[in-house]
Amino acid sequence: MWSLEERRNRADQVEVFKMIRGLTADPIEKFFEITTDHRTRGHPYKLNRKYCGSSLRYHFFSERVIPRWNALPEEVVRAASVDAFKKGLTNMRRKKM
C-alpha cells in the first residue's frame, strides 16, 4: 500500500511529466525552467531550482517537485506515454523495497 506522501510525490511527478510532454493546459515555462547545461549527469529534462527566500515558497509545487524529478533515471523520464512513466515509477519503488 502506498503511503499518502508517496501518492502525492507520484502525482507531482506525473504532472511534471505531462507538462514536459505538452499534455496539460499549463505550459511548463509557467512553472519551471529546463536546464540548458548538458554537462550534468542524468536525464536531459533536469529542472533549474530558483532561489526562494521564504520557507512558504519552498513548499509550493514548483519548488518541492524539482529534487525528486531531477533524481529520476533517464529511462523513466524518457517514457513514451504517461502509463509507461507510471509503470517506471512503480518499478523504481519495488526495487527500493
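The model is predicted, so local features need pLDDT of at least 70 and side-chain atom pairs count only at pLDDT 80 or more, while totals for chains, interfaces and linings use all residues. Residues are numbered from 1 along each chain as its sequence is written, and side-chain values use heavy atoms, with hydrogens and water left out.

I begin with the aromatic rings. A pair of aromatic rings is described by the distance of the centres and the angle of the planes. Rings of Phe, Tyr and Trp (its six-membered ring) pair if their centres lie within 6.5 Å; planes under 30 degrees apart are stacked, those over 60 are edge-to-face, and the rest are tilted. The structure holds 5 aromatic pairs. In one of them, the ring centres of Phe31 and Phe61 are 6.0 Å apart and the planes stand at 90°, so this pair is edge-to-face. Phe31 lies in the loop between helix H1 (4-21) and helix H2 (55-58), and Phe61 lies in helix H3 (residues 61-64), so the pair ties together parts that are 30 residues apart in sequence. Helices here are DSSP runs (H or I, at least four residues), numbered from the N terminus.

Phe32 and Phe61 also form an edge-to-face pair, at 5.8 Å centre to centre with 65° between the planes. Phe32 is in the loop between H1 and H2, so its pair with Phe61 in helix H3 joins parts 29 residues apart in sequence.

Buried means under 20% relative accessible area, exposed over 50%, and partly exposed in between, with a 1.4 Å probe and protein chains only.

Elsewhere, ring pairs link Phe17, Trp69 and Phe85 into a cluster.

I turn now to the core. A nonpolar core is a set of buried Ala, Val, Leu, Ile, Met, Phe, Trp, Tyr and Cys residues joined through side-chain atoms within 4.5 Å. The largest one has 19 residues, of which Val16, Phe32, Trp69 and Phe85 touch the most other members. At least two residues each come from H1, helix H4 (66-70), helix H5 (74-77) and helix H6 (82-96). H1 gives the most, with 5 residues.

A cavity is a set of points, on a 1 Å grid over the protein atoms alone, where a 1.4 Å probe fits but cannot get out; a pocket is an open set with protein on both sides within 12 Å along at least five of seven lines, and lining residues have an atom within 4 Å of a point. The search finds 1 cavity of 30 Å³ or more. The largest cavity holds about 40 Å³ of space, and its lining includes Phe31, Phe32, Arg57 and Ile66.

Which residues lie nearest the centre of the largest pocket? They are Gln13, Leu89, Met92, Arg93 and Lys96, from a lining of 13 residues. About 340 Å³ of space lies in this pocket, and H1 and H6 are the elements that give two or more residues to its lining. Gln13 is found in helix H1 and counts as buried at 8% relative accessibility.

How values were computed. Points joined across faces, edges and corners; volume = space filled by probe spheres on them.
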